[in-house]
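Good morning, and thank you for the time on today's agenda. I shall present one structure, beginning with a definition and then moving through its architecture and its charged pairs.

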Amino acid sequence: MEGRAVDVMGTCPVLTVDATASCLEVAAQLTAARRHAAVVLDEHGALAGLLTERDFLTKLSLEKGAASATAAAQIMTPAEELVLGSGACSVDRVVRRMRKERISSFPLLDDASKEVLAVVHKGHIARQIFDALNQDGAGPTVGDMLDWHAGKARAGDVRGCATSLPPFAALSEAVELMRDAGSGSLSIFAPPLATHSHFVMTTSFGLFTEREYVASLPLLESRYADDVELFEVARFSRGNSKSTMRTIHDAKDVRRVRPEGIAAVGRATPVRDCLSLMLGNDLLYAPVTENKKPIDVVSLRDINLFLAPTDGRT
């Protein structure tokens, strides 16, 4: 992976917001643009910090109306705490630095003006991995990756299905559980045809992630998080995963399929196909099923750690 990262990684135009903008405004921009982070600028137009979906999940109060009452500057990661890079950085250097620092977003600045030229996200790295796998043909499977991560697991690590709740749990409970686990996703399980109020869960599982939380913030302007149930804001399986993944497998490039609900992958699914699903549909997480039952959740970070180049350290 040669060349400057800002030239070859397909980075999107930088999404910028004022430090005084409300979190509700920033959330709306992130959701509309399907972005994971916004660059926060001070009154002089200089970098003040970075506000990510994870910042919303971990730092924003769950009180009703908190998003409109909280400024971006109050929950962003300030510039002095960010890992920053030069716009002249090569792709390989960016990948290794992000892996070493264990960061998901890496702002690259112009050496002279200090303007943010790009914010490299783990999705940009994953795209480089996809291109390599696409050229090589047969590659590792999702099962190979899960086994690799199992071998690298440390005490206290929390994976996919270990963080779960029923669909009728409160949004507040879900957010607190994700915060405690340090996880950006939460699995949702219920018996088939489980019913509650006007909702009928005809499928066996769902997924709630930091992205769904950010998208739900307008709802929390008029309702308490304790009164919002997960089935109102999460995504659920619709039984079309096999057909979706067949379409993706046959495509020559990343395929945007926009499944109505969750599309799951299996242990035998090539990592290349899993990446195509996630990159083509702007997903950070994908559930893994076996015999139609969820067994794990994989993330872009999992794939990057598994396949991105290293400097000899894991």
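A salt bridge here is a side-chain nitrogen of Lys or Arg within 4 Å of a carboxyl oxygen of Asp or Glu. By that rule, the count in this chain comes to 14 salt bridges.

Please note that this is a predicted model, in which local features need pLDDT of at least 70 and side-chain atom pairs count only at pLDDT 80 or more, while totals for chains, interfaces and linings use all residues. Residues are numbered from 1 along each chain as its sequence is written, and side-chain values use heavy atoms, with hydrogens and water left out.

Let me take one pair to start. Arg272 and Asp273 meet through their side chains in a salt bridge, at 3.0 Å from N to O. Are these two residues buried or exposed? Buried means under 20% relative accessible area, exposed means over 50%, and partly exposed lies in between, with a 1.4 Å probe and protein chains only. Arg272 is buried, with a relative accessible area of 10%, and Asp273 counts as buried at 4%.

I turn to the chain overall. It has 13 helices and 16 strands; these are DSSP runs numbered from the N terminus, helices being H or I of at least four residues and strands being E of at least two. Of the 314 residues in the chain, 52% are buried. Taking a contact as heavy atoms within 4.5 Å, residues 24 or more positions apart account for 63% of the contacts with a separation of 6 or more. The accessible surface, from the Shrake-Rupley method with a 1.4 Å probe, comes to about 14,600 Å², and 49% of that belongs to carbon and sulfur atoms.

Next, the strands. Two strands pair if DSSP finds at least two bridges between them. Strand β9, residues 185-189, has 4 of its 5 residues buried. On the one hand, β9 runs parallel to β8 (residues 164-165), joined by 2 bridges, with Ser187 as the bridge partner of Ser164. On the other, β9 pairs in the antiparallel sense with β12 (residues 205-209) over 5 bridges, and there Ser187 has Leu207 as its partner.

β8, helix α9 (residues 171-181) and β9 make a right-handed β-α-β unit; right-handed means that, with the strands pointing away from the viewer, the path from the first strand over the helix to the second runs clockwise.

β14 pairs in parallel with β15 (residues 285-290) over 2 bridges, and Val265 stands opposite Val288.

Finally, Asp253 forms a salt bridge with Arg127, their closest N and O atoms being 2.9 Å apart. The pair links distant parts of the chain, 126 residues apart: Asp253 lies in the loop between α11 (241-250) and β14, and Arg127 in helix α7 (residues 122-136). Asp253 is partly exposed at 37% relative accessibility, as is Arg127 at 26%. Together with Asp131, these residues are linked in a network of salt bridges.
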